[in-house]
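My notes follow in the order I looked things up.

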Amino acid sequence: MTKKKLRDATQAFKRSLVSPLEKHFVLRLYITGTTPQSVRAIANIKKLCEEHLKGHYELEVIDLYQQPQLAQGEQIIATPTLIKLLPPPLLRIIGDLSNTECVLAGLDLRQKA
Amino acid sequence: MPKKPVRTQKQLLTENEDLRGRLAEAEETLRAIRSGEVDALIVSDAGSEQVFRLKGADRVYRMLIEDMNEGALTLTAEGLILYANRRFAEMLTTPLEKIIGSTIHTWIVPDSHWILQALLRKGGDQKRRGELALTASDGTQVPIYLSVNRLSMEGLPNSFCLVATNLTEQKKRNEAIVAAETLARLILEQAAEAIVVCDETGRIIRASRAAHALCGESPLGQAFERVFRLQRTDGAAFSLAETMNSGDRQRIETRLEGDGQALYLLVSVGSLVGTRNETLGSVITLTDITANKLAEDGLRAKNRELQILHEIGQAILASGNIQHMAASILEKALAVSLCDLGVIRLLDRTSRTLDPVASHGYLNPKNLRRHRKHLDDRTTGRLLRIFARKETVVSERVQDEPGLRIFRREGVQSLILIPVLAEHDMLGALQLGSRTPRKFDPHLINLLETLGNNFGIAVQKNRLLEETLASQAQLRALSRRLVKTQETERHHLARELHDEIGSLLTGLKLTLGVPAGSGTDRIDARTAAAHAIIEEALVKTRSLSHSLRPPMLDDLGLLPALSWHVKEFTGRTNVQVNFQHHDLQGRFPAEVEITAYRIIQEALTNIARHALVHEATVRLWADQSALGIELSDRGAGFDPTATLANTSGVGLLGMRERVASLGGSLTITSAPGTGTSVTVELPLATGEKTVRSEQ
């Protein structure tokens, strides 16, 4: 684990202590450049996060064209793929995330919404 | 709710088998895709099939974007970053995954927000370029040049493509350039030297403040030689082009004629060379060395002055003659002042005239003769002004001034009059004239005044020396006369004793030595004869005694003694003396009486010896303050000055010494053929005697 990652994890932990009631989401979106699906996926997940998770989420967007090494061990077979790292369980959603209902269900955010 | 059909175990097993097969196929497909065994995927999209090549032609463009030196990104209209390349991430010192998906506003410094908004708002055809600054994760600000293009992407019609150029290095370079320019300007403004930068044609393109001050106007845009008309030491005009071509470009001494005063400038020329070693122009430094130069000149002038003063000193020491000295001083004065003519005149106190003692350069000797000026002559005007003020008079334009006629007649345009002074005593003047108009600088005036003073002191010393020598000669003559007088007196005494007293005593001895005859008559006759001889001897002895020192003078006073002496003198010399006196009753101080007696005795003797007359007048008078004596005759007369000077007149000299010792005055008026008058006044001081030396 790099120092930076360690720092990020520490901050996440601190945040979880500050607001224990709100679950902290760590999301990672794998895309490939500026393909239409990728672009749409970014726009959709950003909109969704801002609407439902504002203030307690972290979103990383990984362009596999530029950072292919970051796909190693993540079993990515297609892009866009969204992975919910936290809270458990780990979950993958493939596609441009335009079906908000499915995404919210996948992220276990139905009741909240 | 429909009832689910119940399947048999066999059905389930078959289904399971089928699923396993399909799973294996799916896994194999995924494996093949993941391991790169496929090069294209077929995707169903709205009923049509699309072929996605995994390594297509767009890869080249993608690589171009990914590896290019500028930051590239795509934005939604709201500023969401949909794409960013690694270069952009590097600008922000942030991992790329933290940038994509974030909003651009997070990374732009607050001051630059409005610029970005403006760029994003502009119409389609307008150029969308601007400078703004990013905030990197480490807090540094990154200046960028941003160009924005509208992009229409599928599903996102209002998006933008941005290219960001990092300006940090350029800014640094610009700052360095600005700093260099500021430094250059600072040097130009602060430098004490005048610094001028010229282009290759020799025109001035930059000039320091000192250079502006030097030429009094803005030199910019003008040819160097036109603004700075410099003269080299050899008199040639300074040429920038020639100097640039020659090897010698450093410390060239030049002269710049200014308003009234010349400046001395040290010029150094350097080439202004471009990056490809091409000559762009020249940098000229002008250092003002006028002060050094003037100091040097001053030192040289002082040296020359000292040299001249030394030579003058030598000349004065070597020469005891005022004329020679004056000639030598005048020669030097003319040489240092570069004058054409000059004259030195000394004041004769007796005649009150200014007489030339040395002159040079007169075209017409008459003009010099006319220069003999009487102090009381009003036309002497300007010349005598220096006697009133004891100051140097300079006239740089003789033509414009009244007076000075004689110098004008000699063609003099400028003149200077220097007093010849000795301890504030005006002895004369040094007058120099130039036939061309000129100025006399203070150094020169100072030097000439020093020459005047030196000459004055030399003249004074010379005069004192002459007076001392004359006094010594007179003293020697006096002492010789004293010895002679003494010898004469002794001789006279001896002869008187021998001839008169001696013969009488011999006669007496013979008279008494004759053998005594018998008879009273004979004895009586002999006694009577002896008696007569003794009587005569007594008379002779008394006369002798009187001539040595009249006892009557001590016993009875001046008048009886003189009366006796006049009578005796007439009896002896057959010169009739008309003796007049007034208020001579009573006694005078002993030294006055004896002096008066001896003067009259000496003067009468002189009359008897030299005047060749039979008559003389002696008058005496006295008042509270003085005893007056006047002796006159109408005899042969003589030249008193010559007689006194050639020391033959020891009698006169003796008289004068006697009078001087009492502080009296003696006047001798005489000329050959006109008779002689001697007037003496002896002061009768009560109490302390006032002693005053006769000049």
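Predicted model: local features only at pLDDT ≥ 70, side-chain atom pairs only at ≥ 80, totals over all residues.

**Entry 1: a salt bridge within chain B.** Is Glu410(B) buried or exposed? I get a relative accessible area of 3% for Glu410(B), so I wrote it down as buried.

**Entry 2: pairs along helices.** Next I checked Asp297(B), which forms a salt bridge with Arg300(B), N and O being 3.4 Å apart at their closest. Why are these two about one helical turn apart? Because they are three residues apart in helix α10 (residues 290-318) of chain B. Asp297(B) is partly exposed, at 29% relative accessibility.

I then went to helix α15 of chain B, where Arg490(B) and Glu487(B) are also three residues apart, about one turn of the helix. Their side chains meet in a salt bridge, 3.4 Å from N to O. I have Arg490(B) as partly exposed with a relative accessible area of 48%, and Glu487(B) as partly exposed with 41%. Over all chains, the rule gives me 25 salt bridges.

**Entry 3: where chains A and B meet.** I counted 24 residues of chain A in contact with 23 residues of chain B. Together the chains bury about 2,000 Å², of which 63% is on carbon and sulfur atoms. On the chain A side, Tyr65(A), Gln66(A) and Ile77(A) lose the most area to chain B, together 30% of what that side buries.

How many salt bridges does the rule find across this interface? I get one, formed by the side chains of Lys98(B) and Glu60(A) at 3.2 Å, N to O. Shared partners join Lys98(B), Glu60(A) and Arg28(A) into one network of salt bridges. I also have seven residue pairs in polar contact across the interface. On chain A, α1 (3-18), α2 (36-52) and β2 (57-63) each supply at least two residues of the side that touches chain B. That side divides into 12 nonpolar, five polar and seven charged residues.

**Entry 4: cores.** The largest nonpolar core has 54 residues, and Leu29(A), Ile45(A) and Phe88(B) are among those with the most contacts inside it. α2(A) gives the largest share, seven residues. I looked up the contacts of Leu29(A) beyond its neighbours within four places in sequence; they include Ile45(A), Leu59(A), Glu60(A) and Leu97(A). Apart from this core lies another of 44 residues, including Leu558(B) and Leu662(B).

**Entry 5: Thr74(B).** With a relative accessible area of 5%, Thr74(B) is buried. Not counting residues up to four places away, Thr74(B) touches Thr34(A) from the other chain, as well as residues of chain B, including Leu82(B), Leu151(B) and Phe160(B).

How values were computed
Residues numbered from 1 in each chain as written. Chains lettered and ligands numbered in written order. Heavy atoms only, no water. Contact = heavy atoms within 4.5 Å. Buried area = accessible area lost by both parts, 1.4 Å probe. Salt bridge = Lys/Arg side-chain N within 4 Å of Asp/Glu carboxyl O. Polar contact = N/O pair within 3.5 Å; in protein donor to acceptor, adjacent residues only side chain to side chain. Helix = DSSP H or I, 4+ residues; strand = E, 2+ residues; numbered from the N terminus. Nonpolar A, V, L, I, M, F, W, Y, C, P; charged D, E, K, R; others polar. Buried < 20%, exposed > 50% of the residue type's maximum accessible area, 1.4 Å probe, protein only. Core = buried A, V, L, I, M, F, W, Y, C linked by side-chain atoms within 4.5 Å.
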